[in-house]
Amino acid sequence: MFPQSVFPDTAQVNTEGQLVIGGCNTLDLASEFGTPVYILDEQTLRSRCRSFVSEFQKRHPATQVAYASKAYINPALARIFQEEGLGLDVVSGGELAIARSVDFPLENVYFHGNNKTPEELSEAVEHGIGYVVVDSFHELNLLNSIADAAGITQDVLIRVSPGVDPHTHVYTTTGILDSKFGFSIQTGHAADAVRQALAASNLNLRGLHFHLGSPIFELEPYALATEFVLRFAAQFREEGLNLQDFSPGGGFAISYTRDQEPPEIAAYAETITATMKATCDELGMTTPRLIIEPGRSIIGPAGVALYRVGAIKEIPGVRKYVSVDGGMGDNIRPALYQATYEVVVANRINEPEAEKVTIAGKYCESGDLLASDVMLPELASGDLIAIPATGAYCPSMASNYNLNPRPPMVLVNNGQSRLIRRRESYQDMMHVDVV
Ligand SMILES: *Cc1c(COP(=O)(O)O)cnc(C)c1O
């Protein structure tokens, strides 16, 4: 059965058993743009943006949805997020440069990261970034002097680490005590940071931020951490902390495989807003503006990777390897996080499963496997493989390892396709080399 739940909203199987996305036949897309290629369904992308905005704003009107750029950003997409009324999270000067390239309103941009460089902070301040989310004592001092030199007062949030385990992969767990991110509440560092920020001459402390990790399939970590951080904030009222902004970060889960059922966006919204209201009421605090930062859950479900099958190798009694023309250079997640994906044969979707295979990439690493032990129809060279739920953290983590050019990205909508990033050329890869 076609795993509709992990594909974009518009995915269909036509009468010939071929995969269609956004009204475009994937076989045609593969011939026109080549493989590997990333297809993004515009309708799914925009509908995820709208769901986040509406589900949060109907419960708490003062909510800003800031898209976490690191899931994937480029200028065409930044325009779409702006059209949908979202803000942006950036974690580097490069991501900030993309926002600036399309005149994204910088007052709606949040700068995150545990070690922003002096150059990055200066650029951000100089261009009038809305918020810097301060992550260390080093940054507190550095940013204060940069803002001082620029003659401005910079709005900041402080990133705290609430010590709540979201039960996800250890590499993507960020809000526990042993983490490189944020000021721990437990150790007293968060309290010191709040006091120092309040005392800083050129910083305006508007509120607190936390981000627990990703993907988080449970609601409880959000409720626990929201209550804990608001209680923490309340302790500093007398010392001058007026909590105008509060951000519980991102990390909202998506289905990668048909058996995964993450909470609906509405359920995350209900948990966060209800906990925030109840806690603020109890503490006699005005409810702050809410900033939520989905990345994966907006772009992940909109993306589908297409690959062409090449070499097939069967080791009798051991395993059958089916190699495709992409791999860890465009999707590092299986190698990095043991991530699992659904795989379909885009040119013969309705054919029954016939054998168990491992889909291997073309990179010179034994760990370059996109999916292990998946049941598929018998494959032949030239078949087209589709891997859904690849919009987030695949193209954004892509590399030129083995000097394979990074794949193009095509936006599809209503039977129209639009190239929003072309395939890299050999020249592109050598562009920065100096002989
Ligand atoms: C990565 C990150 C996010 C987004 O996480 P997703 O899982 O993509 O939603 C949000 N906020 C911060 C601070 C992050 O580092």
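Which handedness does the crossing of H2 and H3 have? The crossing of H2 and H3 is right-handed; a crossing is left-handed if the near helix is turned anticlockwise from the far one by less than a right angle, and right-handed if clockwise.

The model is predicted: local features need pLDDT of at least 70, side-chain atom pairs count only at pLDDT 80 or more, and totals for chains, interfaces and linings use all residues. Residues are numbered from 1 along each chain as its sequence is written, and side-chain values use heavy atoms, with hydrogens and water left out.

**View 1. Helices H2 and H3.** Helix H2 covers residues 42-57 and helix H3 residues 75-83. Helices (H or I, at least four residues) and strands (E, at least two) are DSSP runs, numbered from the N terminus. H2 and H3 pack at an angle of about 40 degrees, with their axes 10 Å apart. That makes H2 oblique to H3. Axes are lines fitted to C-alpha atoms, for helices over the stretch in contact, and angles run from 0 to 180 degrees between N-to-C directions. Angles under 35 degrees count as roughly parallel, over 145 as roughly antiparallel, 65 to 115 as roughly perpendicular and the rest as oblique.

**View 2. Helices H8 and H9.** The axes of H8 (residues 220-234) and H9 (residues 265-283) come within 9 Å. They cross at roughly 30 degrees. That makes H8 roughly parallel to H9. H8 passes H9 in a right-handed crossing.

View 3. The ligand is surrounded by 15 residues (a heavy atom within 4 Å). The closest are Lys70, Ser214, Glu293, Arg296 and Tyr393. By class, the shell holds 3 nonpolar, 7 polar and 5 charged residues. A side-chain N or O atom of glutamate 293 is 2.7 Å from a nitrogen atom of the ligand. Arginine 296 places a backbone N or O atom 2.7 Å from an oxygen atom of the ligand. On its own, the ligand has 390 Å² of accessible area (Shrake-Rupley method, 1.4 Å probe), and the protein covers 94% of this.

**View 4. Two cis peptide bonds.** The bond from threonine 35 to proline 36 is cis, with omega near -10 degrees. Proline 36 is found in the loop between helix H1 (26-33) and strand S4 (37-41). The bond from serine 214 to proline 215 is also cis, with omega near -10 degrees. Proline 215 lies in the loop between strand S11 (203-209) and H8.

Methods:
Polar contact = N/O pair within 3.5 Å; in protein donor to acceptor, adjacent residues only side chain to side chain. Nonpolar A, V, L, I, M, F, W, Y, C, P; charged D, E, K, R; others polar.
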